[in-house]
Amino acid sequence: MKAIKSYSDQFPAQVKKHPPDPAPPVIREVYLDEQPEFVTSIQPDLLSRLHFEAYELTLDQRIDIPNGMVFKDISNSNIKYLDQAHGLLTNDISVIAEDKDGLIYLGSSKGLLVFNGKELSVYQGNSAFSLTGIRSLWFDAEGKLWVATDINICYIQNQKIFVPEMDFGPTHLQGFSESSATGEFFIFTVYHGLFILKEGQMYQYNAGLPTPHVSCAIRTDDGRLWFAFGNSGFGYIQKDSLFMYKREGIENSPRSLLEVGGELWLGQFRGKLMKHRNDSLFNVLLNDRRRHHIYSFASNEQGLWFPDYAEGVYLIKKNGEYDFIGEEHGLNGRVSFTLMADAFENIWGADAGNGISRIDELAFRPTRKFVSNHGIFQIEPDVYGNSWYFMNGGGLISESEEGYVEYLNSDRYSTSGAVSGDSVWISSETLGLTVLKDGVFTTYRMKKDEELDSTIYDIKMDANGRIWGWNYANRLYSFRNGQFYNFSSAPDLKDFKFINVLQTTDKTIYAVALNNGVIAISNNKYAHLNMDNGLFSDQISFVFQDESGNTWFCASGRVQVVDAQGQSTVYQIKETESNPILQILETERGSFMATTASGLLLMEKDQEGLTHKFYGKENGLKLIGNRMITRDRQGRILIGGGTSLKTFDPYYLKSDKSRPRLTLNRVLADGVEVDRDHLEVEQEKVVNFVFNKIFWGQQSDLVYKLQHRSRSGNWNHVSSNVISFKELQYGNYELLVYAEGEGRKSEELQFKFTILPFWYQTDGAKLMYFLLAVTLIVGYIFYRESRARMAKIRLQKLVDERTAELQVEKLNVVRQLQQKEILMQEVHHRVKNNLTFLKSLLYLRARASKDAEVRLILDECQARIQSMALVHQNLYDVQDASEVDFDLFLRELFFELESMFDQDRSNINIELAVSDFKVDVKLSVFLGLILNEMITNSFKYAFPNGEEGRILVRLSQMSEHFELTYADSGLGFGESFDFKTSTGFGFKLINILLNQIDAQMQYVNNGMTTFTIVIPK
């Protein structure tokens, strides 16, 4: 590679120091040297048994909320909300409760609202009890929903509303509580003190209390009955004695009580947050705030939550730290009245004028750091434990125990960096490659006055001290000792476009090439890794090496992990399809976090494989352009690179393993609700099963299959809460369904329903069809039999008539055939007589001639005529005049020729293999003439002087031809004999005859003179 000498410049660094980040806020407990005062002895009054009147509760309205709860535009945390603009009936929500199925009940000024995530059911009560103006809701251990309004209380169970005979009057925002240890149910009122229901009896604390206005009451684990008395302070009853903490002034406005972990928290509407522990009272200070406005408490595994009216929501963690959540984090409003922790560890807030909010898993929070206002491209530690921040618009900043140092005259766009010893290398948009050492910046450029050509991105330093990066033209460069080297000038890399440079813990440099895999560089050597040599994709987005020595290659939708022995495993991660992994951090051995363009992955790798969970915008994680994930000097996990910086706090990860909840909401047939206890639906109607699919804060699907006539269907997945069926055939069906999310399943539900047949598909109709069919069949059978009898008679008559006609026709045909046979025999007889007469004339002429040659010729003609005469003789002697018995024909032909030539055949063995062989007239004539010539030739020339010999004639029938073989053991012909060119008259005649019947003849002499004739059929 050719070296490029750089242009360098130096200038001193200008710095500005900033204090370190403040420590996370922690609560302060201030002990109050105050003991409760004995007020009076007190016992509850036993009242008459409480009676309720039951009334039907009907649904007044159902409101679709297809998008469910949503994020605010300014939200930067996992907080969703719902208000009137997004489907909520009213923004005036005072209280929230949850039933055993996970449904959320909202108390409002316009009625009781039931929310399942997709729709809102509205109940406004009836003439006996109005559900408007609700102040408090509570589900007791028996599943009753207790409701307190501005006027009275009631409870709801099994779609009925139960109204008490007595008037309780209004309650405060918390009107009910329950003690699981004692079985007591508490009703605290504004005007009538505290009521206790236990084992069917009702008791009342009123007389002797400092005020009948009880805001809250609970039974703590030590058996004390605590009170929050309107504007009269806190107190408790123990062993029939009332004790009071007398707090005067504006701080004497208690509203709420909650016992958590043996500590009793006390909330006031105008005053400090307080805590009671071990008979001691404490003020709990947050940010030295003197006053809070606390209506309620809630607790989950993260700690204690409370709303601060007109401020927001606070969380006090178990370690004493606290977090504040306000509108800027996504909370919908600042006037939360009450909070409620659901079964999935989420926190719900009821806002007085802004609807509801739900605080889900807050694992990703905005970072409270000095560098938070700038996008961070990269964070690198140095050998002294400091962190160096390479900023997008913020230049270069370092962090140490003393605080931050901001380098004012560094390029504000420091896209990446590398730290080695006392040197900090910077990829600068305007200054080129820059190094900071001993308070001095040194810049290096490939071209003196062209900034862009001098910038190399994603710089990394290898084990030999070389700086690696790529430039705007996607060429790969290295830098060392003041010189740049164009690595892309290598012949095998000149066409590559490099888009990233990465480095693993073993100091190997990986240069990512667009659609060409990666180049691995180590110890001054490089190797090209692509699909041709084991890499699973040529489109790599990131390369990473974990603590176990495994190398990860990331691409769209998949990750390939190669261990130290070279064994490779590919894992599917569907969330990274078109959303590739950009960076990975190993948080602890086997646990990983990875950034993508639109979210973040939490991954666990063990011997069984790789599991993962994706956090994206549906989890409140808005990552736009974020690609960096690393740890700062305090060990906190930071996610950045775009326009914001977030902290990952594993404290907020839910350890709860609650399963999704699933219940049937209703069944619709063409939009009309069907009685769920008698699920019968007419055919051709669309059947919709609408479910309450509850998994607050997490995603879940419905998984179902439909069984019909003992046939089990396949399991199907739908993301909505509705399962729809169309065009079901009539019959009985069984629907199996469960909800599934985060690898957890709800209980499986089973529903049986019937699709009704049309009237003509009923059993009665089928019986009617059967009887009608039987009647028709029987009638048709009788009809057919009658028709058959008549047809048989007519047919028999026609048969008889036709038979008589055929008999006459047969006699005529037989007579005509006999006449034809007689004529044919007469013709053959006349032809034979004529041929015989002709032969006789030739015989007489031959005997009269004195020329031996003439006699010989005439004798041969006689033989030829005799062979034809024999054919007609055979046809005259048989009944079938169309075929000749060839065996008889040959025997007579040999006899006649033997007689004609005065040949004694006693010395010649004649073998005929043509028995039972019939040949038509034309072929017989031709074959007779051919054989006549061959037999004549054998008798005349083959056996001179009476020598012994043998003549063989064989006629065979093949599938497509006849095969005639003639052979004699006489003298034979010379080796050069060719019957086709023979000048003898006999062979000329034979060749003519062969052409007439399209036959082929072969001659061989293999001990016998043999001619084989193949005659096509």
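The following conversation works through a predicted model of one protein chain.

Biologist: Is the protein chain a compact globule or more spread out, and what is its radius of gyration?

Modeller: The chain has 5 helices and 82 strands, and its C-alpha atoms fill a box of roughly 180 × 105 × 45 Å along the principal axes. For 1017 residues the globule rule gives 31 Å, and the value for this chain is well over that, so the chain is more spread out than a compact globule, with a radius of gyration of 56 Å.

Biologist: What share of the residues in the protein chain is buried?

Modeller: A residue counts as buried when its relative accessible area is under 20%, and Leu285 in strand β29 is one example, because its relative accessibility is 9%. Taken over the 1017 residues of the protein chain, the buried share is 51%.

Biologist: Which residue forms a salt bridge with Arg666, and how many residues apart in sequence are the parts that the pair ties together?

Modeller: The partner of Arg666 is Glu119, with the closest N and O atoms 2.5 Å apart, and both of these residues are buried. Arg666 lies in strand β65 and Glu119 in strand β13, so the pair ties together parts of the chain whose separation in sequence, in residues, is 547.

Biologist: Are Lys160 and Glu56, which also form a salt bridge, buried or exposed, and which strands do they come from?

Modeller: In this salt bridge the closest N and O atoms are 4.0 Å apart. Lys160 is partly exposed because its relative accessible area is 33%, while Glu56 has 53% and is therefore exposed. The pair ties together parts that are 104 residues apart in sequence, since Lys160 lies in strand β17 and Glu56 in strand β7.

Biologist: Where in the chain is Glu361, which meets Lys613 in a salt bridge?

Modeller: The N to O distance between the side chains of Lys613 and Glu361 is 3.8 Å, and Glu361 counts as buried because its relative accessibility is 11%. Lys613 belongs to strand β61, and the pair links distant parts of the chain, 252 residues apart, with Glu361 placed in the loop between β36 and β37.

Biologist: Which side chain of opposite charge is nearest to Glu345, and what does the side chain of Glu345 reach?

Modeller: Glu345, in the loop between β34 and β35, is buried yet has no salt bridge, and the nearest side chain of opposite charge, Lys318, is 7.9 Å away. A salt bridge needs the nitrogen and the carboxyl oxygen within 4 Å. The side chain of Glu345 does reach, at 2.9 Å, the backbone nitrogen of Glu301.

Biologist: Which ring does the charged end of Lys144 sit over, and which ring does Arg224 lie over?

Modeller: The charged end of Lys144 is 4.7 Å from the centre of the ring it sits over, which belongs to Tyr155. Arg224 is likewise at 4.7 Å from a ring centre, and the face it lies over is that of Tyr236.

Methods
Residues are numbered from 1 along each chain as its sequence is written. This is a predicted model: local features need pLDDT of at least 70, side-chain atom pairs count only at pLDDT 80 or more; totals for chains, interfaces and linings use all residues. Side-chain values use heavy atoms; hydrogens and water are left out. A charge sits over a ring if NZ of Lys or CZ of Arg is within 6 Å of the ring centre and within 35 degrees of the ring normal. Helices (H or I, at least four residues) and strands (E, at least two) are DSSP runs, numbered from the N terminus. Buried means under 20% relative accessible area, exposed over 50%, partly exposed in between (1.4 Å probe, protein chains only). Lys and Arg count as positive and Asp and Glu as negative; His and the chain ends are not counted. A polar contact is a pair of N or O atoms within 3.5 Å; within protein, one must be able to donate a hydrogen and the other to accept it, and residues adjacent in sequence count only if both atoms are side-chain atoms. The radius of gyration is taken over C-alpha atoms; the globule rule is 2.2 Å times the number of residues to the power 0.38.
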